[in-house]
Amino acid sequence: MTDQSNTASKRHVPLDKIRNIGIIAHIDAGKTTTTERILFYTGKTYKIGDIDEGTTQMDWMEQEKERGITIVSAATTAFWTPIMAGAASQDEYRINIIDTPGHVDFTAEVERSLRVLDGGITVLDAEEGVQSQSETVWHQADKYNVPRLCFVNKMDKLGADFMATVTDIKDRLGAHPAIMALPIGAESTFKGVVLLLEQKAIIWHGDETGAKYDIVDIPEDMLADAKKYRTLLIEQISEHDDKLLEKFLNGTEPTMEELQQTLRQATLAYKLVPIYCGSSLRNKGVQPLLDAVVHYLPSPLDIKDVKGTNPKTKAEEFRSNKVEAPFSALAFKVQTDPHVGRLTYIRVYSGTLKAGSYAYNSTRQEKERVGRLLLMHANTREEIPEAFAGEIVAVVGLKQTTTGDTLCDDTQPIILEGISFTDPVISLAIEPKTKADQEKMGYALKRLADEDPTFTIKSDPDTGQTLISGMGELHLEILVDRMKREFHVEANTGKPQVAYKETITKIAEAEGKYIRQSGGRGQYGHCFLRVEPQDRGMGYEFVSEVVGGTIPKEFIPAIQKGVKEALENGVIAGHPLVDMKVAVTDGSYHEVDSSEIAFKIAGSQALKAAVRAAGPVLLEPIMKVEVSTPEEFMGEIIGDLSSKRAQILGTNKRGKITVVTALVPLAELTQYVTIIRSMTQGRASFYMEPSHYQEVPQNITEAIIAKNKPHEVQ
C-alpha cells in the first residue's frame with residue numbers, strides 16, 4: 001500500500017487531471033485481473049493480486065474469494081504518469097476506478113456504477129469476442145452516455161483472434177472501432193503490441209510482473225500491416241475535423257498532438273472507440289491502456305453540467321463541475337462495513353462537502369449529518385477532511401440516504417436523475433431456524449435490502465412466510481450466505497420460485513364502498529375506479545379525475561394508498577399487479593363519518609373488483625439465453641430448447657464453437673446447467689439474463705393456479 005500521507009498530499013489534483021472510470025465486461029473476460037494490474041503498475045499495491053489464489057485487492061469479500069467472481073463493485077484511487085512520450089503532458093493523473101461484476105445477477109452494481117462514471121473500459125475476451133453480457137453493459141453505458149475504450153484481453157489464450165473481435169465490436173455493438181494497437185503474435189507467441197499512432201512497439205520481458213518492457217521499432221514482418229492500419233486510423237480520426245481532413249486529403253500527415261486531440265473529441269462524442277489489446281494475466285498491454293485512459297477518456301471538466309429538477313418549482317436546473325458551485329452529489333451505493341457501520345458512496349457533481357457538516361437529502365427532504373469522509377481502496381480506507389466536485393468518496397453517518405438519492409445544499413436544492421433497476425425475477429421463502437434468529441433475520445434482511453435495490457422482501461399474506469426476491473439463484477444464495485456470515489443468522493430456505501406478475505388486458509370500472517355504522521361515529525368511504533392496461537414495463541400510474549368535489553382532495557391520497565396495497569397481491573394467484581393505469585373517477589363522502597381509513601379500504605376493494613372485470617392475465621419472466629456448444633451437439637441443444645417453449649433467435653459460429661441464442665421462459669430453466677452438461681459431455685456452457693415479461697399460456701396459468709401454495713419451505 002502506498003504511504004497514506006503521500007496519497008493525501010496528492011489529493012488536490014486539478015479537475016482536468018482526474019479520471020473517473022469503470023471496468024465493465026462479461027463474466028470471466030478479465031475485469032478484476034485488469035484492475036489488479038492497474039493497481040500494481042500505478043504503485044497502489046506492491047504485489048500483484050491473483051483471483052485463483054484469492055489474493056486480489058478488489059474482490060475482498062469472502063464469497064468473492066471462494067467463487068473467484070466479483071459480487072460488489074469496489075472503488076479505488078490510483079495515480080499514473082503516461083509512459084509514452086506524446087502530445088499529452090507528463091503530469092501525474094489521478095484515476096478513480098470502479099471494478100464492476102460481470103455476472104448478470106449483480107446487474108444493479110453495474111447500473112449504479114455507470115450512472116456516476118465519466119468513462120469506461122470494456123474488457124473483451126479475444127477468443128469469445130463480444131458476449132451477451134458485454135452487449136448488455138455496453139447498452140447500459142450507452143444509456144448514460146459513457147465514453148469508453150475497448151481492451152481485447154486474453155491475447156495469449158488458445159483461439160485468440162484480435163481482428164474477429166474488432167469485427168464483433170462493429171457488428172454486435174454498433175460501435176466505430178479505432179484500432180490503436182496491433183498484437184505482436186497471438187496465443188502462446190503473444191509478446192507485445194505495436195502502437196500505431198506512436199509508430200513504436202512495446203515488447204514485454206516474460207510474464208513475471210510486466211513492469212519490465214522495451215520500447216522498440218516496429219518488427220520488420222509487421223511494417224506493412226502497421227502502415228496499412230495506421231493510414232486507416234489517421235483517416236478515421238481526420239474525418240472528425242475539417243482541418244485535419246483537408247491535410248489528410250492533401251497528403252500531409254497531421255501532427256501527433258492534432259491526432260490525439262481530435263481522437264479525444266471523437267471518443268468523448270461516442271463517435272469512435274479506441275481499441276487496445278493485451279493479456280492482463282500475463283502482465284502485457286496494461287500500460288498503454290492506462291496512457292489511453294489519460295489521453296482519451298473524459299475528466300470531470302469534459303462532462304456536461306449535470307441536469308436536475310428544483311424540488312420546489314419543478315423547473316429544470318443545472319450544476320457545473322466547479323468547486324465554487326452549490327454542492328450537489330448522487331448517492332449510488334450503500335454498504336455495511338463491519339468496522340465503521342453504514343457507508344454511503346457518493347459522486348460529487350458540484351461544490352464541496354466537508355466532514356462534520358450537514359447535507360440536505362432533497363429526495364427525502366431530510367437533513368443529514370456528514371460524519372466522516374473516506375477515500376476508498378476496495379475495503380481499506382483513508383480519512384479525508386473534504387470532498388470536491390468530480391470526486392467519488394464514501395460518507396459515514398448518513399441514516400436516511402439510499403441508492404439514487406440526491407444530496408445538496410439546502411439553500412439551493414436540486415434533485416438529480418436517479419438510477420433505474422430491473423425487477424427481480426426469482427424468489428424463495430425463508431424462515432429463521434430458531435426463535436433467537438427471528439429478530440436478527442428481520443434486521444439482516446433490512447440491511448441487505450438497503451444495500452441492494454434489486455433485492456426485495458415481502459410477507460405472504462396467506463401463509464405469513466417471508467419471501468425474498470432477486471435477480472437469480474446465485475444472487476439469493478450469496479445474500480443468504482452473507483446473512484449467515486455477517487449477521488450470524490441461521491435460516492431455512494425453500495426452493496427458488498419464478499417471480500410471476502399479473503396484469504390486465506382491457507379497460508374496466510368498479511365501485512368500492514366501505515360503510516360501517518356502530519353507534520357514535522361510523523366509517524364512510526365510497527369511490528369509483530377505472531383501470532386501463534399499459535405497455536409492458538410501463539409500471540403503474542395513478543390519476544385523479546374527480547371533479548366538483550364529490551370526493552374531497554384530502555381523501556385522494558388515501559384511495560391511492562389502498563390501491564397501491566391492493567396491487568401487491570393480484571387476483572389470479574396473488575402475484576403483484578403491474579403495467580396498468582388506475583383513475584379515480586367519482587365517489588361520495590359523509591361530512592362526519594368519512595375518514596382516510598374508510599377511503600383506503602374502499603380504494604382497495606374497488607381495485608380488486610375492477611381488475612377481476614379487466615381480463616386479468618399472468619406474466620412470466622423471459623430470459624435471453626446464449627448456449628456455447630461444439631457443433632456436433634447443436635441439434636440436440638436446439639431440440640431441447642424448443643421443448644422448453646423457447647423462441648430460437650439464431651446461431652452464430654465462432655471458431656469451433658456455435659453460439660445458439662434464444663428467448664426462454666425462466667420457469668423452464670430449472671436445473672438447466674445439469675441438463676446441458678449431461679447432453680454435451682460437459683463441453684457446452686450457457687449464460688442467461690432477464691429480457692422481458694410476457695403472458696403465460698392459458699394451460700400453464702391453470703396449472704400454476706391449481707398448484708397448492710408454491711412457497712413451501714423444505
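Let me begin with a definition: a residue is called buried when its relative accessible area is under 20%, exposed when that value is over 50%, and partly exposed in between.

The mean pLDDT of the protein chain is 81, and 85% of the residues reach 70 or more. Among the elements of the chain, helix 14, which covers residues 596-612, has the highest mean pLDDT, at 95, whereas helix 1, residues 4-9, has the lowest, at 39. Where should we hold back? Over residues 1-10 the pLDDT stays under 50, and the model has 17 contacts beyond four places in sequence for that stretch. Over residues 44-73 the pLDDT also stays under 50, and here the model has 103 contacts beyond four places in sequence. Where pLDDT is low, the predicted coordinates should not be read in detail.

Now to Arg342, which lies in strand 15, residues 341-350. Which backbone oxygens does the side chain of Arg342 reach? A polar atom of this side chain lies 2.9 Å from the backbone oxygen of Leu398, and the side chain also reaches the backbone oxygen of Thr401, at 3.1 Å. Leaving aside neighbours within four places in sequence, Arg342 is in contact with a list of residues that includes Val395, Val396, Gly397, Lys399, Gln400 and Thr402, and also Arg447 and Asp450.

Four strands form an open sheet in the order 31-32-34-33, and the pairing is mixed. The edge strands, each of which pairs on one side only, are strand 31, residues 508-516, and strand 33, residues 540-544. From one strand to the next, the twist averages 25 degrees. As a reminder, strands of a sheet pair through backbone hydrogen bonds, either parallel or antiparallel. In which sense do strand 33 and strand 34 pair? They pair in the parallel sense, over 5 bridges, with strand 34 covering residues 580-588, and the bridge partner of Glu541 in strand 34 is Lys581.

Two helices belong to this picture as well. Helix 13, residues 556-567, lies across strand 32, strand 33 and strand 34, and runs at about 155 degrees to strand 33. Helix 14 packs on the sheet, where it touches strand 31, strand 32 and strand 34, and its direction makes about 35 degrees with that of strand 32.

In the loop between helix 13 and strand 34 we find Asp579, which has a positive phi of about 55 degrees although it is not a glycine. Is Asp579 buried or exposed? Its relative accessible area is 5%, so Asp579 is buried. Lys154 also has a positive phi, near 60 degrees, and is likewise a residue other than glycine. Lys154 lies in the loop between strand 5, residues 148-153, and helix 6, residues 162-173, and at 22% relative accessibility it counts as partly exposed.

My last topic is charge. Side chains of opposite charge can pair when their charged atoms come close. How many salt bridges are there in the model? The count comes to 28. In one of them, Glu317 pairs with Arg319, the closest N and O atoms being 3.4 Å apart; Glu317 is partly exposed, at 22%, while Arg319 is buried, at 6% relative accessibility.

Another salt bridge joins Lys653 and Glu631, with the closest N and O atoms 3.0 Å apart. Because Lys653 lies in strand 36 and Glu631 in the loop between strand 35 and helix 15, this pair ties together parts that are 22 residues apart in sequence. Glu631 counts as partly exposed, at 41% relative accessibility.

The side chains of Arg645 and Glu668 meet in a salt bridge too, at 2.9 Å from N to O. This pair links distant parts of the chain, 23 residues apart, with Arg645 in the loop between helix 15 and strand 36 and Glu668 in the loop between strand 37 and helix 16. Arg645 is partly exposed, with a relative accessible area of 27%, and Glu668 is partly exposed at 25%.

How values were computed. Residues are numbered from 1 along each chain as its sequence is written. This is a predicted model: local features need pLDDT of at least 70, side-chain atom pairs count only at pLDDT 80 or more; totals for chains, interfaces and linings use all residues. Side-chain values use heavy atoms; hydrogens and water are left out. pLDDT is the predictor's confidence in each residue, from 0 to 100. Contact means heavy atoms within 4.5 Å. Two strands pair if DSSP finds at least two bridges between them. Axes are lines fitted to C-alpha atoms, for helices over the stretch in contact, and angles run from 0 to 180 degrees between N-to-C directions. A polar contact is a pair of N or O atoms within 3.5 Å; within protein, one must be able to donate a hydrogen and the other to accept it, and residues adjacent in sequence count only if both atoms are side-chain atoms. Buried means under 20% relative accessible area, exposed over 50%, partly exposed in between (1.4 Å probe, protein chains only). A salt bridge is a side-chain nitrogen of Lys or Arg within 4 Å of a carboxyl oxygen of Asp or Glu.
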